[in-house]
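This report describes selected features of a single protein chain. The sequence and the structure are shown first, and the description follows.

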Amino acid sequence: MVSKADTGDVPRKFRLLEELEKGEKGIGDGSCSYGLENPEDMSLTNWNGTILGPYGTNHDGRIYSLKIVCGPDYPAVAPTVKFVTKINMGCVNSTNGTVDTSKFTILKNWNKTYSIETILTNLKNEMASSANKKLVQPKEGECY
């Protein structure tokens with residue numbers, strides 16, 4: 001019999017605990033962060049994320065809040081990701097802030113090696129893309 005360890009699969013809870021530890025330390029330049037919505041959430045399901053808008057774009061100086069839900073099959077199945085702060089971006093539903101899986105490559109081509117960090121850093125990169133960096137944005141601080 002092949003064990004999960006032999007196939008490289010890490011149980012969901014261990015994987016999310018690793019992500020929590022990494023998120024609490026901060027990502028790279030500090031422009032993205034994440035953590036549990038409720039520190040007492042033993043299911044490690046509901047997360048908050050923050051992205052600081054990239055320099056030289058219409059997102060510059062803005063702070064974007066997101067909600068991330070890691071379901072029971074995470075990391076085999078991508079989490080759901082939703083902006084709380086209003087944003088005008090090609091891969092985000094303009095009425096409810098949900099990141100459209102079919103329009104955001106990381107979620108569309110999800111791989112179990114990806115993480116919450118992967119999602120946040122790629123959303124930040126998407127903000128800076130030529131398709132999104134000059135889009136007119138909603139008033140700062142507006143929420144869905």
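The model is a predicted one. With a relative accessibility of 2%, N132 counts as buried, because buried means under 20% relative accessible area.

When neighbours within four places in sequence are left aside, the contacts of N132 are H59, M89, G90, E126, M127 and Q137.

**Nonpolar core**

The largest nonpolar core is made up of 29 residues. Inside this core, the residues with the most contacts are W47, F83, V99 and L123. Two or more residues each are given to the core by α1 (12-25), β1 (32-36), β2 (46-52), β3 (63-69), β4 (80-83), α2 (105-108) and α3. The largest share, five residues, is that of α3. In soluble globular proteins, nonpolar side chains tend to be buried together.

Not counting residues up to four places away in sequence, F83 touches Y64, S65, L66, V92, N96, G97, V99, L123, M127 and Y144.

Four strands form an open sheet in the order β1-β2-β3-β4, and their pairing is antiparallel. β1 and β4 are the edge strands, each pairing on one side only. From one strand to the next, the twist averages 20°.

The antiparallel strands β1 and β2 are joined by five bridges. C32 stands opposite I51, a residue of β2. The helix α1 lies across β1 and β2 and runs at about 130° to β1.

**Backbone features in the loops**

The phi of L44 is near 55°, a positive value in a residue other than glycine. At 4% relative accessibility, L44 counts as buried, because the cut-off for buried is under 20%.

The loop between β3 and β4 contains P75. The peptide bond leading from Y74 to P75 is cis, and its omega is near 10°.

How values were computed:
Residues are numbered from 1 along each chain as its sequence is written. This is a predicted model: local features need pLDDT of at least 70, side-chain atom pairs count only at pLDDT 80 or more; totals for chains, interfaces and linings use all residues. Side-chain values use heavy atoms; hydrogens and water are left out. Buried means under 20% relative accessible area, exposed over 50%, partly exposed in between (1.4 Å probe, protein chains only). Contact means heavy atoms within 4.5 Å. A nonpolar core is a set of buried Ala, Val, Leu, Ile, Met, Phe, Trp, Tyr and Cys residues joined through side-chain atoms within 4.5 Å. Two strands pair if DSSP finds at least two bridges between them. Axes are lines fitted to C-alpha atoms, for helices over the stretch in contact, and angles run from 0 to 180 degrees between N-to-C directions.
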